[in-house]
Amino acid sequence: MLRIEERPLHRIVVKLGTNVIMRPDGKVALGLLCGLVEQVAALRGQGIEVLLVSSGAVGLGMERLGLLERPTVVAQVQACAAIGQSRLMALYDDAFDRLGCPIAQVLLTEDDFRDPLRHANLRATLDALLTMGVIPIVNENDTVSTVELDRATESRPRERIFGDNDKLSALLLKHIGGDLLVLLSDVDGLYDRSPSEPGAIVIDTVEAIDDRILALAEGANERGRGGMISKLESARIVLHAGKQVIIANGRTPQVLERIVAGEVLGTRFAAVLEKVAR
């Protein structure tokens, strides 16, 4: 088995997927969310700086509006995000406040990574927040970002930097000098075949993201925009930066503390011997 270099963790990025934040019935998974908040607070108490990238705004907006299916019209999705974002932050603020942990909301668009001045300001702000003991709660600014991208595409086509929170979390880790990215969803990791097939098992270590590994990924889920293929693309970004990525199930008891303690959970993408296919 591939050995991964052991080194103290100073700064990590944790991404919570929509299917971790929300229950299958569309309601908030409040107990699970509070449990993860307690784990983040415990890690912060150990001196580990944590940035939390949280999906769920659109899902919370859908729940407030009584919608059973994700809208297909962009403006309606953005409206759900606008409604749900304040609810999402209220949940985090209440949960972290009970543990004495201050938080800050950080909403980003692609220009925050594309424009050098905005990027420098972003990094300075995040560094200041972390130094002050604050836990940044980061999300893509769904309320406006898609409109900006559509307008930009019509007048001056440009490559998208990120389109979901998986890639956003990878870029954050890369640009703020993080040590580990943990992608939490409702699956245990990357399986060696379709999880629905008998005998499917989780691959504990991936050395190279090649065509064989990519073929194991399935499509996007119903409520979020990501999926396993998005997580693999995000892992590739982080591995190129020489860092580590773990995909794990956010419903696993004490998942964050166990990962930080070195327990083998989910699928670990090892940076040391990483051989990304070109």
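Let's start with two helices. α6 (residues 116-131) packs against α8 (residues 165-176) at an angle of about 80°, and their axes lie 11 Å apart. So α6 is roughly perpendicular to α8, a label for angles of 65 to 115 degrees. Axes here are lines fitted to C-alpha atoms over the stretch in contact, with angles from 0 to 180 degrees between N-to-C directions. Helices are DSSP runs of H or I, at least four residues, and strands are E runs of at least two, numbered from the N terminus.

Who makes the contact, meaning heavy atoms within 4.5 Å? From α6, His119, Arg123 and Leu126; from α8, Leu172, His175 and Ile176. Three of these residues are nonpolar, two polar and one charged.

A word on the source. This is a predicted model, where local features need pLDDT of at least 70 and side-chain atom pairs count only at pLDDT 80 or more, while totals for chains, interfaces and linings use all residues. Residues are numbered from 1 along each chain as its sequence is written, and side-chain values use heavy atoms, without hydrogens and water.

Next, α3, residues 57-65. Its buried residues (under 20% relative accessible area, 1.4 Å probe, protein chains only) are Ala57, Val58, Gly59, Leu60, Gly61 and Met62. They pack against α4 (74-97) and β4 (135-140). Just after α3, Gly66 has a positive phi of about 75°.

Conventions
Buried < 20%, exposed > 50% of the residue type's maximum accessible area, 1.4 Å probe, protein only. Contact = heavy atoms within 4.5 Å. Parallel < 35°, antiparallel > 145°, perpendicular 65-115°, else oblique. Nonpolar A, V, L, I, M, F, W, Y, C, P; charged D, E, K, R; others polar.
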